[in-house]
Amino acid sequence: GISSGEDQEVPLSEKELLIRGGLMLSLPVELLHSIFDFLSVDTYATLALVTPLWKSVTRTETVYKRLCERCYLNQSKKRTLHVSKFGGSYRTMLTLRPRVRIGLYVLRFAKVKPIQRDMWTEIPHGAILETVYYRYLLFRENGSLLYALTTTNPHEMIPRLRKVYVAQEEDRNVVWGRFQVRGKSVTVWAKQEWHTVKLQLSIQPSSIRGRFGALMFDRHFSSVSGDFDETYSSDLVEYKVPTDGLFQYLKDGRL
């Protein structure tokens, strides 16, 4: 507040509070950043739009360094930043260095099933039996993820993912896994009941979902033993990936 002539506190109006950025910014900067650490990295861009004062707090090299540490040290095989490669700017690094956005990526693809015709078949000639599948990758900041392959659409699947992610409930279609980023390449491992799957993806620099908002599905393996050595593994199986295999980032506040 502002002191009057009688040394009494005069409360700020709502407009004055808004101009200054709100009471929250009266907290020490270190405490503010400790609170902000609970938010996703992409949320910082939204915070900077609140007021000029919020922008000054959230768009500093110190903040960008914290964000780069959160993004790259957990995702990358080599847990180093090498900011010198980006002109010494952590902001430039966060903008240009490939990364997986924390949250949900979804791939939708369809399979056409052959129609087995016999005397009981009622499906007309020329008809096509098509089944739509979804692959879900819910990336977490600590390098773990949730993986699911199902016919359930995102509208119905997101609440189920949330139950596993937040409430630690079990879901027959959802398993835990891990991921690692190396350059533009992302490797995902997820252990299902009957085998372990390995997905190789590549980060797309830009898409309709924004920067790093899409992952190209490059290769798909499975192994009962979990041995993915392409030369020596005795049970490695490689599958054909969809021709339009692009995982799209799906922003949803429930996750």
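Predicted model: local features only at pLDDT ≥ 70, side-chain atom pairs only at ≥ 80, totals over all residues.
**Notebook: a walk through the chain**

I started at Asp37, which counts as partly exposed because its relative accessibility is 32%. My cut-offs, computed with a 1.4 Å probe on protein chains only, are under 20% relative accessible area for buried, over 50% for exposed, and in between for partly exposed.

Residues are numbered from 1 along each chain as its sequence is written, and side-chain values use heavy atoms, with hydrogens and water left out.

**Entry 1: the overall picture**

I looked up the chain as a whole and found seven helices and eleven strands. Both are DSSP runs numbered from the N terminus: helices are H or I with at least four residues, strands are E with at least two. Of the 255 residues in the chain, 39% are buried. I also checked contacts, meaning heavy atoms within 4.5 Å. Among those between residues at least 6 apart in sequence, 50% join residues at least 24 apart.

**Entry 2: salt bridges**

How many salt bridges does a search of the whole structure find? It finds seven. The rule is a side-chain nitrogen of Lys or Arg within 4 Å of a carboxyl oxygen of Asp or Glu.

Back at Asp37, I found its partner Arg66, with the closest N and O atoms 2.6 Å apart. This pair links distant parts of the chain: Arg66 sits in helix 5 (residues 61–75), and Asp37 in the loop between helix 2 (29–36) and helix 3 (43–47), 29 residues apart. Arg66 is also partly exposed, because its relative accessibility is 28%. I then saw that Asp37, Arg66, Arg70 and Glu141 are linked in a network of salt bridges.

Next I checked Glu238 and Arg219, whose side chains meet in a salt bridge at 3.0 Å, N to O. Glu238 is in strand 10 (residues 237–239) and Arg219 in strand 9, so the bridge ties together parts that are 19 residues apart in sequence. Glu238 is partly exposed at 45% relative accessible area, and Arg219 is partly exposed at 26%.

**Entry 3: helix 7**

Which residues of helix 7 are buried? They are Met157, Ile158, Leu161 and Val164. They lie on the same side of helix 7, because they cover an arc of only 120° around the axis; the arc is taken from the directions from the helix axis to the C-beta atoms.

Asp171 is in the loop between helix 7 and strand 6, so the pair ties together parts eleven residues apart in sequence. Arg160 is partly exposed at 23% relative accessibility, whereas Asp171 is buried at 17%.

**Entry 4: the cores**

I turned to the nonpolar cores, which are sets of buried Ala, Val, Leu, Ile, Met, Phe, Trp, Tyr and Cys residues joined through side-chain atoms within 4.5 Å. The largest has 24 residues, and Phe139, Val186, Val188 and Leu201 have the most contacts inside it. Strand 8 gives the most to this core, with four residues. I picked out Val186: leaving aside neighbours within four places in sequence, its contacts include Val100, Phe179, Leu199 and Leu215. A second, separate core of 19 residues includes Phe36, Trp54, Cys71 and Tyr72.

**Entry 5: two loops**

Most residues other than glycine have a negative phi. I noted that Phe212 has a positive phi of about 60° although it is not a glycine. Phe212 lies in the loop between strand 8 and strand 9 and is buried, with a relative accessible area of 2%. His82 has a positive phi too, near 50°; its place is the loop between helix 5 and helix 6 (90–96). Is His82 buried or partly exposed? His82 is partly exposed, at 45% relative accessible area.
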